[in-house]
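Here is a short note for a colleague who is new to this model. Please read the points with the structure open.

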Amino acid sequence: MRIGCEIVPNGALQCSRAGEFFTSLSPEARSDFQSLESLNDYPGSAILFLEGETPSRVLILREGQSKLSINSIGGKRLILGIARPTEILGLTSALSGNPYEVTAETMYPCKISSLSRQDFLGFFVRHRVAYQSAFREVSLDYSRACEQLRTLGLAITAQAKLARLLLEWCAGGHETERDNRFTIFLTHEEIGECIGTSRETVTRTLNDFQHRLLVELHGSTLVISNRSALERYAGNNLRRDRAS
């Protein structure tokens, strides 16, 4: 089952805006960068790169969304976040040349531009001020990773983890005087992979949240109908975690 929600937040981890590398470039630098790119279409569920691979090209998500995940030797997956348009995928590895630390997979058909890593590094030689934008993006990636660890490590129950995840997602959704609503194309299994729990637990917890009138599901839209109660629910668990 898929619950619907267009993750127009910066994905599963809401710390700050990501994908702003290009907004701070000068028109000249932006034009130079575009001259180096080639645009390609990718189908859904396409593996863009695997963790452990050495980067040879730099990928920029132009349209669509991409899951970023890490995998255990036993095949267990943890989704770290959802990349949105204008994000540079695997930026840390692109800058350092070290193997990718994550796997990137398209969620549905996407448009992705690419350029060689050599051209990418040469761009910074010509436009040194762009380093500031790149470092800002890397810093945001680090902050999002810390937020993921906070959700997984400080919340002792699946209910608390899911509550925090929904609150993070709703930060980029549509807010009215009565509720918050958003859409996301993740299965219950994939949501479980965001918080380190099973599909069955996610389904059971969402049903419980609906019974408690915390959230509502309307087709492809998830509505947080009682945000303050959901915040208290997550916060109470957090206080117990810290007290222990």
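1. Helices (H or I, at least four residues) and strands (E, at least two) are DSSP runs, numbered from the N terminus. The model is predicted: local features need pLDDT of at least 70, side-chain atom pairs count only at pLDDT 80 or more, and totals for chains, interfaces and linings use all residues. Residues are numbered from 1 along each chain as its sequence is written, and side-chain values use heavy atoms, without hydrogens and water.

2. Look at the loop between β2 (38–42) and β3 (47–49): S45 lies there. S45 is not a glycine, yet its phi is positive, about 60°. Most residues other than glycine have a negative phi.

3. T86 has a positive phi too, about 85°, and is not a glycine. Its place is the loop between β6 (77–83) and β7 (88–89). T86 is partly exposed, at 27% relative accessible area (buried is under 20%, exposed over 50%, partly exposed in between, with a 1.4 Å probe and protein chains only).

4. How do α5 and α6 lie to each other? They are roughly perpendicular (65 to 115 degrees; under 35 is roughly parallel, over 145 roughly antiparallel, the rest oblique). The axes of α5 (residues 158–170) and α6 (residues 188–195) cross at roughly 100° and come within 10 Å. Axes are lines fitted to C-alpha atoms, for helices over the stretch in contact, with angles from 0 to 180 degrees between N-to-C directions.

5. In that contact (heavy atoms within 4.5 Å), α5 supplies A158, K161, L162, L165 and W169, while α6 supplies I191, C194 and I195.
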